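Reader: I have a model open here and would like to talk through how some of its parts pack and where its open spaces are. Could you go through it with me?

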Amino acid sequence: MYKRILEIENMLDEGNFLLGARQTGKSTLLQERFPDSICYDLFKSDLRKRFKKNPKLLREILEGKPYGTLVIIDEVTKVPELLDEVHWLMVNKGIRFVLCASSARKLKKSSSNTLGGRAVPIPFYPLVSAEIPDFDIYRAVQNGMIPRHYLIDNAWKRIGAYVDLYMKEEIREEALVKDFDAFERFLEVAAISDGEILNYENIATDCGVSAKTVASYFQILYDTLIGYEVPAYRKVIQRKLVQAPRFYYFDVGVANYLMGRSSLKRGTDEFGHAFEHLVIQEIIAYLGYSGSKEKLTYWRTYTGLEVDAVLGDAKVAVEIKSVEEIKTKHRKGLKAFGEEHPECRQIIVSLDKLTRHSNGIDLMYVTDFFNALWKGEII
């Protein structure tokens, strides 16, 4: 059992949306932290049908409860009609709610939306290194960080079931696409684009749909919390910069499965891509949990110079290399970025175990970087 880093018990307002992909551990967290709360699990079909048929049941059950009573509704977007009742109970009876959701799309479409601004969204992610005492970087790169996947030696079948039963089911359930076969092809092509600069035209050609449709497909991934867009750093100093965003699936294990990377070997390009994804995944989670206002971007020039992660307004630049020995060639992108942003802290994250400072750059073994990140020593 891992202690999740999110201290949600210290973040509660009159209402909160806990937003994260399925099986990241939202329900387990809430059961652990709020054992005395009233819970409704809308995964249970009988309960879901009753509330869908008569949403007013929620008000009838709860309006006599004491002021400040905490109620958890798991997968509230399965019955979005309940949000009107939730809103009424919050305003008129002082009932507090934590509303779990694995899709922000229905919340956006709901007339209640975020309950008149009364419910504060809280992001939730797969496991992070700081939650695992015996963290294994190689297991994480291969399996990803969804709890049920990270825990076992070979998670391939579990990840496959997750993709088929949860990711694809989520899309089917919300009836978000008309041509599901095309969308399935898109999921695999998007995996090939994982960590790469997005080119909607090229992806559209591979999928046999229009570029406009591809853009809408990516928006579905963002709204259902199974993908992230990392924008380009746009402040031009000397060099002309690429402006298109990059895409990452929310978990590297999912990306591995969709790309057929079943047995990653150190030193290969495939391992390098997965390693980079994992580090970016960890940075995204840190920024989300810490409430940092600093944004994550990447920097790339038209001549091919590149930095994988820029934090804030060039406060920190991070290059990610899955090598066991840092060489001069690995510093090229950071050196160019540093010429334009001399006050920026420069870091190379790698598998080189000798963490040190060299020629103005912090060379950090990946787990040392993760430890420093979660201690607030990076940004």
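Reader: How are α9 and α10 set relative to each other?
Author: In this predicted model, the axes of helix α9 (residues 180-192) and helix α10 (residues 200-207) come within 9 Å and cross at roughly 135°, and α9 and α10 are therefore oblique to each other. The crossing of these two helices, α9 and α10, is right-handed.

Reader: And which residues of α9 and α10 meet there?
Author: From α9 there are Arg185, Phe186 and Val189, and they meet Ile203, Asp206 and Cys207 of α10. Sorted by class, this contact of α9 with α10 has 4 nonpolar and 2 charged residues, with no polar ones.

Reader: Changing topic, what volume does the largest pocket have?
Author: The volume of the largest pocket is about 770 Å³. It is lined by 29 residues, of which Pro123, Tyr125, Tyr228, Ile284 and Gly288 are the closest to its centre.

Reader: Which element gives the largest share of that lining in the largest pocket?
Author: That is β6, with 4 residues, while β5 (119-123), α11 (211-223), β6 (227-230) and α13 each supply at least two residues of the lining of the largest pocket. By class, the lining of the largest pocket has 18 nonpolar, 5 polar and 6 charged residues.

Reader: What about the second largest pocket, how much space lies in it?
Author: The second largest pocket holds about 550 Å³ of space, and of the 26 residues that line this pocket, the closest to its centre are Gly25, Lys26, Ser27, Thr28 and Leu29. Two or more residues of the lining come from each of α1 (26-33), β2 (38-41), β3 (70-74) and α7 (147-150), and the largest share, 7 residues, comes from α1. The lining of the second largest pocket divides into 12 nonpolar, 6 polar and 8 charged residues.

Reader: How many cavities of 30 Å³ or more does a search of the whole structure find?
Author: The search finds 3 cavities of that size. The largest cavity has about 50 Å³ of space, and its lining residues include Arg22, Tyr162, Glu170 and Ile226; by class, that lining has 5 nonpolar, 2 polar and 2 charged residues.

Reader: And which helix gives the most to the lining of the second largest cavity?
Author: Helix α13 (residues 269-290) does, with 3 residues. About 40 Å³ of space lies in the second largest cavity, where the lining includes Tyr125, Tyr228, Phe250 and Ile284 and divides into 8 nonpolar residues, 1 polar and no charged.

Key:
Residues numbered from 1 in each chain as written. Predicted model: local features only at pLDDT ≥ 70, side-chain atom pairs only at ≥ 80, totals over all residues. Heavy atoms only, no water. 1 Å grid on protein atoms, 1.4 Å probe; cavity = no way out; pocket = protein on both sides within 12 Å on 5 of 7 lines; lining within 4 Å. Points joined across faces, edges and corners; volume = space filled by probe spheres on them. Nonpolar A, V, L, I, M, F, W, Y, C, P; charged D, E, K, R; others polar. Axes fitted to C-alpha atoms, helices over the stretch in contact; angles between N-to-C directions. Parallel < 35°, antiparallel > 145°, perpendicular 65-115°, else oblique. Left-handed = near helix turned anticlockwise from the far one by under 90°. Contact = heavy atoms within 4.5 Å.
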